[in-house]
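Hi,

I am passing on the structure we talked about, with some notes to go with it. Have a look at it below before you read on.

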Amino acid sequence: MNKNFLIGILSVAMALVVSACSDNNAAVTKDNAANMNEGSNSHDQMDHSGSGEVPTDLEAAKNPAYPMGSVAVIQADHMEGMKGAKATITGAYDTNVYMVSYTPTTGGATVKDHKWVIHEEIENAGDQPFKPGDKVVLMAKHMKGMEGADAVVDSVEQTTVYMVDYTDTVSGEQVTNHKWVTEKELSPVE
């Protein structure tokens, strides 16, 4: 009977090991699928927090609707956990802001309609704003594979852009110095 009991325990243990390996492979497959599908409108690879560094030629807004240190509600949904979050303004700048589509330097599908890259984050930007359809090279580091990527300007708007701190409404994680949210993507705290 001890022999049968030992065989039973070993059988259960082996079943658990095989099951664990099977679940681990399933997780890897899901991760691989997510990586293969990155692109389109995905911001999964976005570095939500930033260093707070801004281009040296970026001018602070003279009279922003939301001054530094004030609080506003984010209405943008660039990524999960952003819309509805209360944001503390850590920077306000007047510039041209672009929605762009680009091919990551790390490979993968084209990222379409990425919001936002500012004029000062485009190589050899010059004084005049780019127009929709213009081909540019990005210097922004918002996402892996963005810096140095070839991009096409999808839209352009002159506005005040904000760098913000907020708490992700889904994960609860603190996001600091997030770049960028436009003025129309913010609303007053009620």
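Here is what I found, starting with the chain as a whole and then moving to single residues.

First, the ground rules: this is a predicted model, so local features need pLDDT of at least 70 and side-chain atom pairs count only at pLDDT 80 or more, while totals for chains, interfaces and linings use all residues. Residues are numbered from 1 along each chain as its sequence is written, and side-chain values use heavy atoms, with hydrogens and water left out.

The protein chain has one helix and seven strands, in the order α-β-β-β-β-β-β-β along the sequence. These elements are DSSP runs numbered from the N terminus: H or I over at least four residues for helices, E over at least two for strands. Of its 190 residues, 38% count as buried, where buried means under 20% relative accessible area, exposed over 50% and partly exposed in between, with a 1.4 Å probe and protein chains only. The accessible surface (Shrake-Rupley method, 1.4 Å probe; for residues, only the protein chains shown count as cover) is about 11100 Å², and carbon and sulfur atoms hold 52% of that.

Now to the aromatic rings. They pair if their centres lie within 6.5 Å, using the six-membered ring for Trp; planes under 30 degrees apart are stacked, over 60 edge-to-face and the rest tilted. That rule gives three aromatic pairs. In one of them, Tyr 66 and Tyr 162 have ring centres 5.9 Å apart and planes at 75°, so the pair is edge-to-face. Tyr 66 sits in the loop between α1 (2-36) and β1 (71-74) and Tyr 162 in strand β5 (residues 150-167), so this pair links parts 96 residues apart in sequence. Both Tyr 66 and Tyr 162 are buried.

Tyr 93 and Trp 180 also pair edge-to-face, at 5.9 Å between centres and 85° between planes. Because Tyr 93 belongs to strand β2 (residues 86-102) and Trp 180 to strand β6 (residues 174-182), the pair ties together parts 87 residues apart in sequence. Tyr 93 and Trp 180 are both buried.

Lastly, which residues does Ser 187 touch, leaving aside those up to four places away in sequence? They are Tyr 66, Ala 72, Val 73 and Gln 75, a contact being heavy atoms within 4.5 Å. Ser 187 lies in strand β7 (residues 186-188), and it counts as buried because its relative accessibility is 18%. The C-alpha atoms of Ser 187 and Tyr 66 are 9.2 Å apart, although 121 residues separate them along the chain.

Best wishes
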